[in-house]
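Hi,

Here is the structure I promised to pass on.

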Amino acid sequence: MHANFSTCGAGGWLAPTGACAAPAWARWPYLEPWVATIAFFVWIALYKTLECGGDVRAAIKAQLEGDEKHVRIAGIGYFIGIYLFKQVAPPAEIDWSCPSPGFLLIETAVGVLAYDAIFYGLHRLMHAFAYRLHARHHSSGPRVNAQEVLNQSVIDASLQVLTNILVQRRGLRGPKNWLARILHNIVVTLLLTDSHADTPWRLSDMFPRLLAGAARHREHHATGGPPYQQFFGFMDAAFSPSPDDRKLK
């Protein structure tokens, strides 16, 4: 059955779901990992092109001549980890109906906010008590670029992925909607790449108050201090240390 979005959410723009169902391809168990992987590839390629002033050939050359080892390792390790996780974890309950546009946007936004808030806590803990687990991500110092988003230790990357899996498990009304799950992965990979990109054409620079954490993430790489929140700024505003605590790695 195809997804007939023209009849979904007949109860209004914010109605939770419509009467139609997800297409068969949406039920492939590895759809979401591939969506996240392809989204990362697209966003890194896009921001690398922006870093090279729009010169696609220069961007490709920079990618080929740069250190791509961590990018390849991240991709391979990600799929191995997902496979192993699926062998031991119960499959997630998923809402397979079609959401209204309003419900899709709200459920996606809540998931991204939850991901950002939870990983803020893990990020702070690594800097305070287990910096060696996170040190690889800071190995380039303040000179970060789009592909550095994937330069992580196995444990660091695993915490990111597990946090993402956790917030995808539940939605606003029980099981999370399948389209919100897909859109969540696209948005999260965009914001992670944007926060590391070395270009003035970043989304976070266009909305620095909304995306305060992403806009100032390069500052975090330079100092090792706040902001610790990856996308937004509400957790740092509430819990960031005083300037005297910026010596904390």
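To start with, which side chain does Asp198 meet in a salt bridge? The partner is Arg218, at 3.5 Å from N to O. A salt bridge here is a side-chain nitrogen of Lys or Arg within 4 Å of a carboxyl oxygen of Asp or Glu. Asp198 sits in the loop between helix 6 and helix 7 (203–206) and Arg218 in helix 9 (residues 217–223), so the pair ties together parts that are 20 residues apart in sequence. Asp198 is partly exposed at 44% relative accessible area, and Arg218 is partly exposed too, at 23%. (Buried means under 20% relative accessible area, exposed over 50%, and partly exposed in between, with a 1.4 Å probe and protein chains only.)

Before I go on, the ground rules. This is a predicted model, where local features need pLDDT of at least 70 and side-chain atom pairs count only at pLDDT 80 or more, while totals for chains, interfaces and linings use all residues. Residues are numbered from 1 along each chain as its sequence is written, and side-chain values use heavy atoms, with hydrogens and water left out.

Now the overall picture. The chain has 10 helices and two strands, in the order α-α-α-β-α-α-β-α-α-α-α-α along the sequence. Helices (H or I, at least four residues) and strands (E, at least two) are DSSP runs, numbered from the N terminus. Of the 249 residues, 45% count as buried. If you take contacts (heavy atoms within 4.5 Å) between residues at least 6 apart in sequence, 68% of them join residues at least 24 apart. The accessible surface comes to about 13000 Å², and 67% of that belongs to carbon and sulfur atoms; areas come from the Shrake-Rupley method with a 1.4 Å probe, and for residues only the protein chains shown count as cover.

Back to the charges: the whole structure has five salt bridges. One of them joins Arg181 and Glu32, with the closest N and O atoms 2.6 Å apart. This pair links distant parts of the chain, as Arg181 is in helix 6 (residues 178–196) and Glu32 in helix 1, 149 residues apart. Both residues are buried. Another salt bridge is Arg202 with Asp205, at 3.1 Å; Arg202 is buried at 3% relative accessible area, whereas Asp205 is partly exposed at 34%.

On to the rings. Phe, Tyr and Trp rings (for Trp, the six-membered one) pair if their centres lie within 6.5 Å, and planes under 30 degrees apart count as stacked, over 60 as edge-to-face and the rest as tilted. That gives seven aromatic pairs. Phe231 and Phe232 make an edge-to-face pair, 6.3 Å centre to centre with 90° between the planes. Phe231 is buried at 0% relative accessibility, and Phe232 is buried at 11%. Tyr115, Phe231, Phe232 and Phe234 form one aromatic cluster.

One histidine to look at is His123 in helix 4 (residues 101–129). His123 is buried at 2% and touches His134, His220 and Tyr228, leaving aside residues up to four places away in sequence.

Finally, the outside. Trp28, Trp34, Ile38, Phe41 and Val42 form a nonpolar surface patch with about 550 Å² of accessible area together. Patches take residues with over 30% relative accessible area and no salt bridge, joining like charges within 9 Å and nonpolar side chains (Val, Leu, Ile, Met, Phe, Trp, Tyr) within 5 Å. Val42 belongs to helix 1 (residues 31–51) and is partly exposed, at 41%.

Cheers
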